Amino acid sequence: MLLRRLRRGVFFFYALTLVMVLITAGWLSLKDYRDTLQGAERQSMSLARSLDEHATRSMVSVEQAMQNLIEDIERSGGTSHLDERWAHERLQGKISLTPQIRGIIAINAKGILVAHGLEYPTRRVDLSDRLYFPYHRDHDDAHLRIGEPLVSRTDYKWLIPVTLRINNPDGSFGGVMLSGVEPDYFLKFYESLHLERGTRIQMLRSDGMLLLSYPLDITRLGAEIERSRQDGFRALTDSNLTSERQFIAQVSSQDVPLTIRVITDPDWVLRKFYHDAQIRIASLLFIITVLTLMLFLLLRQIRRAEESESRLLLTQFAVDESPDMVLWCDPRGRLHYANQRLTELSGYTHEELLSLKFQDLIGGNELKWDRLYTDLRDSKRKTMESLLRKKDQSVLAIELTLSLIADKQDQYLCISARDISERHAAQMELRHHRDHLQELVDERTAEIRTMLDANPLAVVLSVDEHVQSVNPAFESQFGYSMNSISGLPESVIHASAANYLNVRNAIRNRIASGATFRGEAELRRSDGSLFWAQLFVRTLQSNAPDRGVLYIIEDVSAQRVAAQALRQSEQLKRTILDTTSDGFALIDSQRRFVDINHTLCEQLGQTRQAILGQSLDDVWSKEIAASVFPPLQKPGDAGAQLEIDLPVFPKETRPFLISRGQIRNASGLVEYSFAFFTDISHQKEIERSLMEAKEVAEIANQAKSVFLTNMSHELRTPMHAILSFAELGMHKSKGGEPQDLLRYFERINHAGKHLLTLLNDLLDMSRMETRGMDYRRGVHILQHTMAATIAELTSQLASKQIEVVLDQNTAQISAVYDRIRIAQVILNLMSNAIRFSPPAGRIFISYLQESTTEEHQARVGFSIRDEGPGITPERLSVIFDLPQHNLGPQGDVEGALGLSLCHRIISDHGGSIEAANHPDGGAIMSVRLPVEPGVEAQRP
């Protein structure tokens, strides 16, 4: 309760102190703020009055100068009789005496400028549109008028117009006298004052029009400014200037219609106040922080005191209500405290207990207080068993825990006593059961030992990875005796330390979950020999692996040798089946797939897992399945071979050679059937190619025989003509007939050329067939090659009066070719066209633009068309083959041989040549050649 009151008092004191500090700081800040504003007001009003006095004197002096000039003008008869020279000098003199005036002008009653103090002669400028002119014309007012700032029409500079009315001698309106007050005069004066930063000055007309501002803002001149009707100092927000709060000191002149306003920036005026306020706030925060910290520390101490008091009360309650007996004794053994439990068990009242000593209540003669107290002074704590003497003289077995507690002044012995009579009775009962269980264990151990000794498998009991016991089978199998192996680590019977670590980790992971480990390991006998064994390992107690581990060891060396041989055999068989190019399938008696190899999976387009277990009918049709694996009955028919077409992946049919076999059981029944599938499609293709090659060779051989027969005939005919005409020429030459002789010799020449052409084509064809022809390829222009070749045929064209229609509109086309060989092709094609064209016919030559083949090769070319009989359909398909007999329209062997040669030359260039009949009649030959180098046909 006292601590709670103390806490409330502390909170009240803290709040009171905080309020007083805040009130003091607020009062000081308010007083400082008011003093700062009063100082700013005094300074601003003083400056405004000074500036007002300066502006008033300046305007009054301007007014006086203008009054003197008006009086002079009125005495001279007014502006209508004004001497311009005299007026200029008078105005100029006043300007020089009045520095705030930039210029003075005189305006007549019509608004025309008649005199100027700055220029002579005066320009006649119409100023009747100015606001001041109609004002003075309509108002007979002798007072000074200050107009809105404007730009002068004479010098084009800003000025403040100050005007007075000029009257004629009869009192009528005679004009206006205007003085241009120089704004820079006031601006320089204001700048010389070196005003504080943020201070602005405004010169207003009495109606609020802005005449001048400092700093100068030309865009605001002439604007209407909202002003107060009374002079003084005030703070307001002037929407015409800025949206911020301003301090304004305003003073109005009594002599002229002017008002001076001094505007100061509150931030600049209150800068010292703000700085002092920041220091004051920082000091206030520091004081509050210190007070808060002191409050926190004080409250923490109070809370600790409360916690200590609470713990003390809780401890007292726990001790009083403890189920154990608790008592305190002084160094003389007298009781100073006893809890409720001791009162209940001892039978004494609380007051009776406090009158007893330790020896009267606990222990017998053997428990001496002096010796006990001395021991506790050394060890500070002691636990022992003793007896509690009750009031009724009975005793109770108790367990004592004694502790010595000492402070700076006193020492006490704290004793905690626990009733252990029930525990003693339980211990006696446990001793009885333990002796009985030991007898049962001994009997069971003898039985287990008998079983282990009779077990043919080696058995090992291991504790903490050391051998504790083995059976006779282990001794005979490993060569160790019971005495020599007992106590040795498990690793001695393993082949190596690394092998033991691997096996041990595997065993630990398995038996940790209570399961039995089964696995093989390589072990070592006492003589160093190694063997493989099957291990069965299990803990004696699943929840206590440290109690022991039981090993059962079986020698499996012979089984591993047999299994290894079997695995090698299976691996060899699988390797042979998977690497062979033939498919393999094994089916059982239910005609289901038992095994297949990788080749057959690829042929069927399915995985091995998908095919295994399926029936033959699921993979093939029933007809194919029956053909591949027929239900054989005779053992001798098992090795028969079969050729059959089977479907393969994806959608194709191939021929296969199937070699089949059977596996029969001891009863002679078919247990398994197998077959090897050999893909013979390649062999079949080779056979088909050989047959086709044989047929082609036979046709070629026959064609060659026919060709040689026809060629012999063709060669003999020109030769006879040459000989006949040669004899006739010689005979005629003797008779003196030169014209006939010339014709004879021309025929001899023509027949000789014909024979020469045949012989050249025959030689070229023979060269191509044997070793091929050499080409000198380069980039040439087709038009040039065509023109040079046609020039060689001029005589033949002229003899039949044939016209060559050559394409002249196509741009030059370049291609890669041997110029001499392509010229030979053109010569042969043109010779055929001339031969089959009628007299006075035409041959059309055009050029083929660039096109792209399926192999993305660019080609260009030309075409030659005649007006002959064309090509028969049966001849069109074999026109470029070697000539046989009667292939031309007239059995022309020369043309057939030339076309075959042309086809070979163009093919060697990587180009193409085509023959067709034109719709308008005649044959057309189209030749295409590659545009880029590096393209040529493969030679057979």
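In the predicted model, S542 is found in the loop that runs between strand 20 (530–539) and strand 21 (549–555). The relative accessible area of S542 is 45%, so this residue counts as partly exposed. Although S542 and G514 are separated by 28 residues in sequence, their C-alpha atoms are 4.9 Å apart in space.

Salt bridges were examined next. Side chains of opposite charge can pair when their charged atoms come close. For the structure as a whole, the count comes to 32 salt bridges. One of these joins E465 to R504, with the closest N and O atoms 3.6 Å apart. This pair links distant parts of the chain: E465 belongs to the loop between strand 17 (458–463) and strand 18 (466–470), whereas R504 belongs to helix 14 (residues 497–511), and the two are 39 residues apart. E465 has a relative accessibility of 26% and therefore counts as partly exposed.

Another salt bridge is formed by the side chains of R654 and D679, at a distance of 3.1 Å from N to O. Because R654 lies in strand 25 (residues 652–664) and D679 in strand 26 (residues 670–679), the pair ties together parts that are 25 residues apart in sequence. R654 is partly exposed, since its relative accessibility is 28%. D679 is likewise partly exposed, because its relative accessibility is 22%.

The salt bridge between D908 and R904 has its closest N and O atoms 3.7 Å apart. An α-helix has 3.6 residues a turn, so residues three or four places apart point the same way. Both D908 and R904 are buried. Salt bridges also link D72, R75 and R90 in a network.

Strand 25, which contains R654, also takes part in strand pairing. Strand 24 (residues 641–648) pairs with strand 25 in the antiparallel sense, over 8 bridges. Within this pairing, T653 of strand 25 stands opposite P647. The two strands, strand 24 and strand 25, form a hairpin with 3 residues between them.

A further antiparallel pair consists of strand 32 (residues 912–917) and strand 33 (residues 923–930), which are joined by 6 bridges. E914 has S926, in strand 33, as its bridge partner. The hairpin of strand 32 and strand 33 has 5 residues between the strands, and in this hairpin G921 takes a positive phi near 105°.

Two helices illustrate how buried residues are arranged around an axis. In helix 4 (residues 183–192), the buried residues include P183, F186, L187 and Y190. These residues cover an arc of only 100° around the axis and therefore lie on the same side of helix 4. Just after helix 4, H194 takes a positive phi of about 55°.

In helix 22 (residues 782–792), L782, Q783, T785, M786, T789 and I790 are buried. Their arc around the axis is only 160°, which means that they are on the same side of helix 22. The face turned away from the buried side of helix 22 carries A791 and E792, which are exposed.

Rolling a probe the size of a water molecule over the atoms shows where empty space is left. The structure holds 5 cavities of 30 Å³ or more. The largest cavity contains about 210 Å³ of space. Its lining consists of 18 residues, and those nearest the centre of this cavity are I105, S152, T154, L159 and L178.

Strand 1 (101–108), strand 2 (113–116) and strand 6 (173–181) each supply at least two residues of the lining of the largest cavity. Strand 1 gives the most, with 4 residues. When grouped by class, the lining of the largest cavity has 9 nonpolar, 5 polar and 4 charged residues.

Technical notes:
Residues are numbered from 1 along each chain as its sequence is written. This is a predicted model: local features need pLDDT of at least 70, side-chain atom pairs count only at pLDDT 80 or more; totals for chains, interfaces and linings use all residues. Side-chain values use heavy atoms; hydrogens and water are left out. A salt bridge is a side-chain nitrogen of Lys or Arg within 4 Å of a carboxyl oxygen of Asp or Glu. Buried means under 20% relative accessible area, exposed over 50%, partly exposed in between (1.4 Å probe, protein chains only). On a 1 Å grid over the protein atoms alone, a cavity is a set of points where a 1.4 Å probe fits but cannot get out, and a pocket is an open set with protein on both sides within 12 Å along at least five of seven lines; lining residues have an atom within 4 Å of a point. Grid points are joined across faces, edges and corners, and a volume is the space filled by probe spheres set on the points. Ala, Val, Leu, Ile, Met, Phe, Trp, Tyr, Cys and Pro count as nonpolar, Asp, Glu, Lys and Arg as charged, and the others, Gly among them, as polar. Two strands pair if DSSP finds at least two bridges between them. The arc is that of the directions from the helix axis to the C-beta atoms.
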